[in-house]
Amino acid sequence: MQQDFDRRRGPQSEGGPVITEKVVHTRRIAKVVKGGRHLRFNALVVIGDGEGMVGVGMGKANAIPDAVRKANASARRSSVQVPIKKNTIPHEITAVFGASWVLLKPAPSGTGLIASSPIRAVLDAAGVKDAVAKTLRSRNPINVVYATMKALSELRDPTVERAKRRKYVMENQRFHLGKE
């Protein structure tokens, strides 16, 4: 079986979704030791298939490519499925991570993504095409990305939730009517 290989995305199969990778933030860290400064790098990476799956990971290494590779592996392990309705999120949501607050709102078709760079990277990787987002308080890109992931993981599909509640109500009505 022959697989296609994309330099930025790795091995690709014929039928599966294409997983994209975006490096959101890198930074150099200097630790002062007896012999001088020890330099390391952090990389924050967002991956997604554009069909609702998105993950975020952070990697640390002595070189940026190694940090990106570690972050990619971490992002694959922490991926979540996001409910998407008509290219937008199903409802408004706010999430807090550290000192960063993120507000996500659904938008009508054709609006596009109106968001800061870290939020845009996460929503774009998830496949959300229309949404409005606002970063409140701290604008640290690491905390903003993790707050966005927290918000996306707390989203619920309204039709599924409605069905769950209807089932719960029906079970409780039978119990209260003495039919069991």
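Which residues are buried in H3? In this predicted model, the buried set is Ile-142, Asn-143, Val-144, Val-145, Ala-147, Thr-148, Met-149, Ala-151 and Leu-152.

H3 itself covers residues 141-154, so to speak a 14-residue helix. From first C-alpha to last, H3 reaches 20 Å, close to the 20 Å expected at 1.5 Å a residue.

Now for the neighbour. Two packed helices are described by the angle between their axes and the distance between the axes. For H2 (residues 117-126) and H3, the axes come within 9 Å and cross at roughly 40 degrees. The crossing of H2 past H3 is right-handed. Here is who does the touching:

| Helix | Residues in the contact |
|---|---|
| H2 | Pro-118, Ile-119, Val-122, Leu-123 |
| H3 | Pro-141, Val-144, Val-145, Thr-148, Met-149, Leu-152 |

By type, the residues of this H2 and H3 contact split into nine nonpolar, one polar and no charged.

Over in helix H1 (residues 64-77), have a look at Val-68. Is Val-68 buried or exposed? Val-68 counts as buried because its relative accessibility is 14%, under the 20% cut-off. Leaving aside residues up to four places away in sequence, Val-68 touches Glu-21, Val-23, Ala-43 and Val-45. Thr-26 is 42 residues from Val-68 along the chain, yet their C-alpha atoms are separated by 8.8 Å.

Methods. Residues numbered from 1 in each chain as written. Predicted model: local features only at pLDDT ≥ 70, side-chain atom pairs only at ≥ 80, totals over all residues. Heavy atoms only, no water. Helix = DSSP H or I, 4+ residues; strand = E, 2+ residues; numbered from the N terminus. Buried < 20%, exposed > 50% of the residue type's maximum accessible area, 1.4 Å probe, protein only. Contact = heavy atoms within 4.5 Å. Expected span 1.5 Å × (residues − 1). Axes fitted to C-alpha atoms, helices over the stretch in contact; angles between N-to-C directions. Left-handed = near helix turned anticlockwise from the far one by under 90°. Nonpolar A, V, L, I, M, F, W, Y, C, P; charged D, E, K, R; others polar.
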